[in-house]
Amino acid sequence: MSIYAVVGLTLGVAVLLGAVYLAARAGARAAKGDGWLCDRCKYNDARYCSRPDRPNATECPDYKELGA
Ligand code: SF4
């Protein structure tokens with residue numbers, strides 16, 4: 001096996017492991033409910049919310065859970 005094949009294989013494995021790690025982290029964050037509050041808020045629409053934080057608020061006194 002040539003040095004190029006070894007380097008290529010090593011890089012491929014590193015990229016694959018990185019992708020698996022990022023996907024697992026994103027899944028864990030979604031499961032915990034992390035992320036933007038607005039994504040889970042019933043007022044997340046310009047017609048109902050004019051707060052400058054929208055759509056990326058992490059804290060909000062007007063937050064109302066979707067479906068509530
Ligand atoms: S009320 Fe607050 S949480 Fe809801 S969309 Fe507006 S800024 Fe986001």
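**View 1. Cys41 lies in the segment after helix H1.** Helices are DSSP runs of H or I with at least four residues, strands are runs of E with at least two, and both are numbered from the N terminus. This is a predicted model, in which local features need pLDDT of at least 70, side-chain atom pairs count only at pLDDT 80 or more, and totals for chains, interfaces and linings use all residues. Residues are numbered from 1 along each chain as its sequence is written. Cys41 counts as buried because it has 21 C-beta neighbours inside 10 Å. The term buried applies at 20 or more other C-beta atoms within 10 Å of a residue's own, with C-beta atoms placed from the backbone.

View 2. The C-alpha atoms of Cys41 and Gly67 are 8.7 Å apart, while the two residues are separated by 26 residues in sequence.

**View 3. The ligand is surrounded by 13 residues.** The closest are Cys38, Cys41, Cys49, Cys60 and Asp62.

**View 4. The peptide bond from Arg54 to Pro55 is cis.** Its omega is near 10°. Pro55 is found in the segment after helix H1, which covers 3-32.

**View 5. The protein chain has one helix and zero strands.** Of its 68 residues, 1% count as buried.

Conventions. A residue is near a molecule or strand if its C-beta atom, placed from the backbone, lies within 6 Å of it. A residue is buried if 20 or more other C-beta atoms lie within 10 Å of its own, exposed if 12 or fewer, and partly exposed in between; C-beta atoms are placed from the backbone.
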